[in-house]
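Please look over the sequence and the three-dimensional model shown below. The report that follows takes a few of its local features in turn.

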Amino acid sequence: MKRYGQVAILLAAVVLTQPATGKEPVKEGGWLIEKDEHTGASIQTMEMTLHPKAEPRPALKYRLLPDDFDMVDGNAAIYYLKAIGFDGYSSPHHSLYRFDQEVRERAGNKDKRRSEIPPGIWRTMKPEDLPLEEVKEFLKFTNFQCADLKEASRRRRFDLDRNFREIEDPLSYQLGAIQSMQELARMQTLRCKVAIAEGRIDDAIEILGQQYSLARHLGQDDVLVSGLVGMACAGIGFSDALYLVQHPDAPNLYWAFASLPRPLVDLRHAMAFERQFLYLQLKVLREVDESSRPAGYWRDFLDRLIPQFGGMARDFGMARAKDDPETARAKLVESIATAYPGAKRYLIEDCGLPTAQVEAYPNTQVVLLATIRYHDEERDNHFKWAHLPYWQARSGMRSPDVEKASRADWCVWPTHELLSTAMAARTAVARAQQHLALLQTVEAIRMYGATHQGELPSSLDDLPVPAPLEPFTGKPLDYQYHGKHAVLTGHKMPGMQYRLVLRFAKKAETP
C-alpha cells in the first residue's frame, strides 16, 4: 500500500543513521556504528569530551522553544511552505534545484549515493571536520530560508487546512510538501554545525531550537506521516545537540531540554485520525450494522464501496474502479464469497450473534459486519494503551489476535495494516523521547562536574538535578562509572541502541 510504504521509509528515517551492514564497525561522523551479533541491532556509540558547566543565571536564560507567553498566534505552515520555495523565492529555489541536479549527476558518474558526496556527506560530519568555506558557499543558495524558519518557530500552531475528513481518497493524498520539510532539517544541520565550528554558540542554540520547533509543528498535522517527518527532523537535531554540548563555550542546557514538551512530537491528534482511518477511506462502511436489509441494498452498497478503495484496490488484488469497474466488482464479489465462511464463524463464535440472525443476512452483510466488528475491537485493544506511558503500554500493545484473524480471513487485512503502522509510530515517539533523556542527563553530568572539580559522578543518584526517565523502562538511563570515563546507555529499542562514552576535558595545568 502506497501510504504504508511511505510510513516505513519515514520510520527508518527517524533512526539517526542506518544500521551497520557488516561485522566491522563503521565510522560516521562522531558515531561508531556496529552490529549486535545476537540481535542484529545497530549499536551507535559516540565518545564525548565534556566541559563542566553550572546552570545559567537566570536558570531559564536559554530556551529551545519560545515560552508560551512569547509565542505568536499564527500559522507556522505558511512560513515553512515559503522556506521550501512555494512562493516568492523562485530564483534561489531554482538555483538550488539546478545544484541538486548537478549533485545527482556527479553521484551517478562516480557510482556513489548522494549521501556519499557533498553536500550529502557533510550532514554526517563532525563540525570541526567540515570544509567550512565550501559549506558556507553552498548555504548561500538557501539563505532566504533563515528568516522564514525563525518566524515559523515563533508561531503557536501548524495547520494546512486540508479538511481531511472530506478527502475522497485519503490513502492517495499527496504529501510532497510535508516530505520536503525534512530537507529543511538537513539544511539546518549544516547551519548548526557551521555555527558550532565557528564558536557562534547562541546561533547554534537558536538553530537547534528551530529544528525542534519544526518537529513539534509537524506533530500537529492530521496525518501520521507528518509526525514521522517531524521525528526525523528531531532525530537530526539530536546529533547536532550532542556536538553542541561538547563545545567549551556551550552553556548548560539542562533546563532548556527539560522545558521542551513531553512528548516533543505529540501524535495524539494524528493518532485520532489514524484510529478512524478505515472509515475515512471507506466512508460507506459507517452504514454497516446489524439491521436487516435486502440483497438489493447490498448490491447497491458494493457499487458505492468499490470507488472508495482508491489506492487500496491493488492490495485487495482489485483493479481500480476508474480503470476497470467490471473487473473490480467481480474481484470483490469473489473475495466476499471466499471470506463468508470465516466471517460467519467469527460473528457467531466470537461476537456471540445468534446463528439464525447471521444466516439470515446476505453474504455481503456478513463479511462487512465481521470486518468492522473485528476492526473496532482489535483497534481499541491497541489504542487504549496510548493513554499510558510507553514503558507501561509496551507490554499491552500487540498485533491483532492471530487465532481470530485466521477465522475471519479476508476481513482482517485492513486492521493488520493500520495497527502495525500505529505501533511502530508509538515506538518512534519513545525513541525521540530517549534522545532528549540522553541529552538532559549529559547536561546534568556537566552541572555536577562544575561543583566537583571536573569529576564524573559515580552514580546518577549524585546529580544535583533529577535524571530524566528512560521512556522504554520508566527508570533512569543505564550509567556505568569507570573513574576517568562513564558510559551512558539508552535502553534497547527495535533495531537500535545508543551509547555515549563520557569524559571531562583534562584540566589545564597551572604554570
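Does Asp161 count as buried or exposed? At 67% relative accessibility, Asp161 counts as exposed, where exposed means over 50% relative accessible area, buried under 20% and partly exposed in between, with a 1.4 Å probe and protein chains only.

## Basis of the report

This is a predicted model, in which local features need pLDDT of at least 70 and side-chain atom pairs count only at pLDDT 80 or more, while totals for chains, interfaces and linings use all residues. Residues are numbered from 1 along each chain as its sequence is written, and side-chain values use heavy atoms, with hydrogens and water left out. Helices (H or I, at least four residues) and strands (E, at least two) are DSSP runs, numbered from the N terminus.

## Two loop residues with positive phi

Most residues other than glycine have a negative phi, and most peptide bonds are trans. Asp161, found in the loop between β5 and α6, has a positive phi of about 50 degrees although it is not a glycine. Gln453, which is placed in the loop between α18 and β6 (478-481), also has a positive phi of about 50 degrees without being a glycine, and at 60% relative accessibility Gln453 counts as exposed.

## Two cis peptide bonds

The peptide bond from Arg57 to Pro58 is cis, with omega near -5 degrees, and Pro58 lies in the loop between β3 (42-50) and β4. A cis peptide bond also joins Pro118 and Pro119, with omega about 0 degrees; Pro119 belongs to the loop between α3 (90-109) and α4.

## The packing of α7 and α8

Helix α7 (residues 201-218) and helix α8 (residues 224-244) pack at an angle of about 160 degrees, and their axes are 7 Å apart. That makes α7 roughly antiparallel to α8, since angles over 145 degrees count as roughly antiparallel, those under 35 as roughly parallel, 65 to 115 as roughly perpendicular and the rest as oblique. The axes are lines fitted to C-alpha atoms, for helices over the stretch in contact, and the angles run from 0 to 180 degrees between N-to-C directions.

Among the residues of α7 that meet α8 (contact means heavy atoms within 4.5 Å) are Ile201, Leu208 and Tyr212, and the residues they and others in α7 meet in α8 include Val229, Phe238 and Leu244. The residues of this contact of α7 with α8 divide into 15 nonpolar, five polar and one charged, where Ala, Val, Leu, Ile, Met, Phe, Trp, Tyr, Cys and Pro count as nonpolar, Asp, Glu, Lys and Arg as charged, and the others, Gly among them, as polar.

In helix α2 (residues 76-83) the buried residues are Ala76, Ala77, Tyr79, Tyr80 and Ala83. They cover an arc of only 160 degrees around the axis, which puts them on the same side of α2; the arc is that of the directions from the helix axis to the C-beta atoms. What covers the buried residues of α2 includes β4 (72-75), α5 (144-153), β5 (155-157), α6 (176-197) and α7.

Helix α4 (residues 132-139) has Val135, Phe138 and Leu139 as its buried residues. Their arc around the axis is only 100 degrees, which puts them on the same side of α4.

## Val442 in α18

Val442 is found in helix α18 (residues 413-450) and, at 1% relative accessibility, counts as buried. Leaving aside its neighbours within four places in sequence, Val442 is in contact with Met48, Leu50, Val245, Leu488, Leu500 and Leu502. The C-alpha atoms of Val442 and Val245 are separated by 8.3 Å, although these residues are 197 residues apart along the chain.
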